[in-house]
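User: I would like to learn how to read the features of a structure like this one. Please take me through them one by one.

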Amino acid sequence: MSTTGAAADPLAALGSLPGVADSVESVRKAVDRVYGHRIMRRRGNEITSEAALRGARGSAALSGADWALEEVRRRTDFSAGEGDRTVGAALRLTAEAGQLLSIWRQSPLRVLARLHLVAAADRGDAVGRPRRSGEKADEPLVELPLPDADEVAGRLEGLSQLIIAGGSAPALVTAAVVHGELIALRPFGSHNGLVARAAERIVLIGSGLDPKSICPAEVGHAELGRAAYLAALDGYVSGTPDGMAAWIAHCGRAVELGARESAAVCEALQRGAA
């Protein structure tokens, strides 16, 4: 999302796009329902842990490693193959995201570098820094045009300034823009999808919309499917009002589905305690 010549608060302006306010309200209601469940008062930490596991599984699935939840739960070695490493990276990112909240609003680029370092610690000197001129991004499931290094640097700086400045944009809008911009730019040589979805998680937690991280959007993105995810990303990259609104709505639906997943976990725990 280019910010050149934009309004003083371009993220807030996105909140006025047709249908976005409805998505924001629908997400808020879905999140509030989970937080209001009586199991949350007694076993909230369990819900958070389960949401983290399911979120990591969903993010890995969108990056090509679509494992059953129980396989993710039981596995301890994530080094054998590319799929194993993808799942391992998703799990590490989910665990790391909550540790970076205090840094995000002051230095989002530092957080993004840290997320890539956590995800891709075995990639040599390309780890933890944006792509340089001539370097490519290994993101085979995303076929969008790849911006060059200069464009990446400029747009990352613009995104960073928007986050640091804050503003009145709803959390869903900010999270969707952070996620979409990182996928569009693919600023790192690898693991951009995983990093983008971890950054979305950080925004949702840090904004106060989902402070206990119990509504994993990654679950919803995976449930909606890769084809729908890529189609919505096309809308974001188009930069048109309709395309942006469709991407924000898609991200909102993903959060709602994540909330529904955790509500089902609450119900299961309640039945077990009965």
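Predicted model: local features only at pLDDT ≥ 70, side-chain atom pairs only at ≥ 80, totals over all residues.

User: Next, the fold. Which elements make up the chain, and how many are there?

Analyst: Count helices and strands, then read their order. This chain has 13 helices and 0 strands. From the N terminus on, the run is α-α-α-α-α-α-α-α-α-α-α-α-α.

User: What does the radius of gyration say about the chain?

Analyst: Set the value against the one for a compact globule. For 274 residues that would be near 19 Å. The chain has 18 Å, so the two agree. For the extents, look at the principal axes: the C-alpha trace spans about 60 × 45 × 35 Å along them.

User: What share of the residues is buried?

Analyst: Burial is read from relative accessible area, with under 20% as the cut-off. In this chain, 52% of the 274 residues are buried. The surface is the other side of that reading. The chain exposes about 12,100 Å², and carbon and sulfur atoms supply 51% of that area.

User: And the contacts? What share comes from residues 24 or more positions apart?

Analyst: Look at the separation in sequence. Among contacts with a separation of 6 or more, 73% join residues 24 or more positions apart.

User: How many disulfides are there?

Analyst: Check the distance between cysteine sulfur atoms; a disulfide needs them within 2.5 Å. The count here is 0. Take C215: its nearest cysteine sulfur belongs to C266, 9.3 Å away. That is why C215 is in no disulfide, given the 2.5 Å limit. C266 is likewise in no disulfide, with the sulfur of C215 as its nearest, at 9.3 Å.

User: Which residues is E96 in contact with, leaving aside neighbours within four places in sequence?

Analyst: Setting those neighbours aside shows what the fold brings to a residue. For E96, the contacts are R114 and V118.

Key: Residues numbered from 1 in each chain as written. Heavy atoms only, no water. Helix = DSSP H or I, 4+ residues; strand = E, 2+ residues; numbered from the N terminus. Rg over C-alpha atoms; globule rule 2.2 N^0.38 Å. Buried < 20%, exposed > 50% of the residue type's maximum accessible area, 1.4 Å probe, protein only. Contact = heavy atoms within 4.5 Å. Areas by Shrake-Rupley, 256 points an atom, 1.4 Å probe, with all protein chains shown as cover.
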